[in-house]
Amino acid sequence: MSATQLRTAPAAVLWDMDGTLIDSEPLWLQAELAMLDRYGIELSPELRERLVGSGLRAGARMFQELGVPLGVDEIIAEWVAGVTSGLRERGPDWRPGAIELLESLGEAGIPSALVTMSVRPIADAVLELLPPGLFAASVTGEEVAHEKPHPEPYRRGAELLGVAVEDCLAIEDSAPGVASAHASGAIAIGVPNLVDLSRADAHELWPSLAGVDAGRLSERFAALRAGAGAASAAPGSHAPAARGPLRYGDRVQLTGPKGRLNTITLVPDGEFHSHRGMIRHSELVGLPDASVVQNSSGEEYLALRPLLSDFVMSMPRGAAIVYPKDAAQILSLADIFPGARVVEAGVGSGALSLHLLRGIGPEGRLHSFERREEFAEVARANVAAFAGTLPENWSVTVGDLQETLPSSCPAGTVDRVVLDMLAPWECVDVAAEALAPGGVLICYVATVTQLSRTAEQIRRSGSFTHPQSSETMVRGWHVEGLAVRPDHRMVAHTGFLITARRLAPGTVLPELKRRASKGEFTDEDLASWLPDLGGEDPDRVWTPEAVGERGKSDKVLRKKVREARGFARDRGAETEGGDAG
């Protein structure tokens with residue numbers, strides 16, 4: 001067991017200054033508003049929140065984007081002059097409990113360091129107002145190469161104290177500061193002041209420092225390091241972020257000079273190697289999304305979080321996936337909306353499940369059904385890897401849809417049914433029973449024979465509107481200068497989509513009026529085209545091999561399950577829990 005695991009008190013406490021130690025944010029805001037007023041520019045609430053905790057240079061660049069006609073250094077100099085003047089006139093406005101906690105830490109022999117993105121003159125002015133000896137070291141914005149939310153400031157603070165940052169506790173009042181502390185490996189405590197930190201990457205939120213002494217702080221540090229907070233303090237064990245600085249546990253696409261794409265999961269002590277050099281994962285952590293980083297030989301790589309479509313194309317597969325082009329059509333044609341109650345069968349490798357979960361949002365509910373346990377396991381692992389854990393609004397039931405759907409979803413309670421299976425016509429009746437009037441049935445099939453069989457069963461059921469069928473093909477284009485032409489390769493046929501709306505019970509759909517034509521057909525015609533309608537055994541006629549599916553052996557499927565579980569573990573994801581059906 002490591003010293004970090006055994007430690008019951010932090011080796012040091014790392015403090016933010018503005019808004020955490022001293023309530024100087026109003027002074028900064030006053031200086032910022034004065035500058036904007038001079039140029040007739042309004043400060044929106046969104047920008048104000050972004051400014052809190054941001055580095056001075058980042059904030060100055062935001063002002064330039066708003067139209068302030070000054071250089072970055074000029075903007076910062078004016079802000080600093082305003083804040084310094086305000087401190088001299090008003091005196092310090094210490095945050096509740098801050099001075100008392102600093103004194104208690106000193107008595108307990110726990111050193112403190114100030115980690116601020118303010119400039120040295122302001123930091124020194126604040127330090128001079130404090131009783132001597134409360135801070136053993138300090139770091140300011142101009143003394144680091146990367147401002148918060150990059151982890152460098154907190155790593156530098158721990159380095160100056162001669163301790164491991166993983167053994168430190170950091171106190172912050174802003175989202176960028178919390179992100180910086182968390183990414184550094186410290187236990188990050190958020191104490192909200194002017195902005196909401198409910199979505200910040202803090203290990204714990206405290207309403208105030210009032211009443212907190214060294215003993216209480218050490219008790220929470222030990223609990224967070226040893227328990228659930230310890231897990232999140234070990235980078236990589238939190239839900240992957242959708243925005244903001246790159247963090248351990250995030251999937252990152254690295255695109256090299258020749259356009260070659262490599263996807264990695266950021267882990268502590270991880271390294272990405274190519275034949276041209278190496279990039280340490282720690283060099284990526286804390287950088288903004290869509291940053292450029294150099295490898296050890298100076299080659300540049302673009303670092304991006306993968307989109308959902310990128311993720312599903314690279315995740316482990318137990319069964320063939322629904323391609324993003326078809327998933328997008330399913331969400332549109334089925335009108336998957338936030339809060340919808342959706343049934344999906346089968347789940348395959350979880351690609352469509354991920355799209356449906358994003359479409360229904362946290363207020364919706366997705367019931368997924370899969371006949372094969374191996375496919376269900378791969379899907380669970382892939383979804384957990386993407387989301388960080390199994391979503392609470394998602395259930396995966398292993399079994400035949402016709403047998404399990406009635407007990408899972410009462411009649412008339414489902415908004416949408418999505419069938420991606422070999423013989424969806426077998427489930428038309430049970431889908432009709434589950435759907436509310438006006439609900440959508442959408443089926444994804446690979447061959448024209450399956451398409452025709454499904455359409456005819458939808459018509460014969462008498463429970464749906466006339467089915468509509470379509471196929472989606474996507475062709476990319478090469479556009480570079482005057483060289484504008486279609487790509488040589490394209491994602492062509494993957495499957496057909498057939499949709500219909502649930503009729504109200506007892507409704508008889510009016511027949512379509514068509515002119516007689518050579519296209520008229522009889523039951524005998526259908527029987528010759530669709531063998532099981534002519535008396536053949538459907539289990540013998542409709543097999544994966546018959547429709548051209550390439551099956552996987554049980555040995556291969558077991559391997560895919562192991563790969564998917566390992567993929568989820570690499571991202572620190574929880575694959576247990578939630579409603580597994």
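Which residue forms a salt bridge with arginine 305? The partner is aspartate 250, with the closest N and O atoms 2.9 Å apart. A salt bridge here is a side-chain nitrogen of Lys or Arg within 4 Å of a carboxyl oxygen of Asp or Glu. Arginine 305 sits in the loop between strand E12 (300-304) and helix H13 (308-314), and aspartate 250 in the loop between helix H11 (228-233) and strand E7 (251-255), so the pair ties together parts that are 55 residues apart in sequence. Both arginine 305 and aspartate 250 are buried (under 20% relative accessible area; exposed is over 50% and partly exposed in between, with a 1.4 Å probe and protein chains only).

Before we go on, please keep in mind that this is a predicted model, where local features need pLDDT of at least 70 and side-chain atom pairs count only at pLDDT 80 or more, while totals for chains, interfaces and linings use all residues. Residues are numbered from 1 along each chain as its sequence is written, and side-chain values use heavy atoms, leaving out hydrogens and water.

The whole structure holds 21 salt bridges. In another of them, aspartate 335 meets arginine 416, with 3.4 Å between the closest N and O atoms. Aspartate 335 is partly exposed at 44% relative accessibility, whereas arginine 416 is buried at 8%.

Now turn to strand E15 (residues 394-398): 4 of its 5 residues are buried, so the strand is largely enclosed by the rest of the structure. Helices (H or I, at least four residues) and strands (E, at least two) are DSSP runs, numbered from the N terminus.
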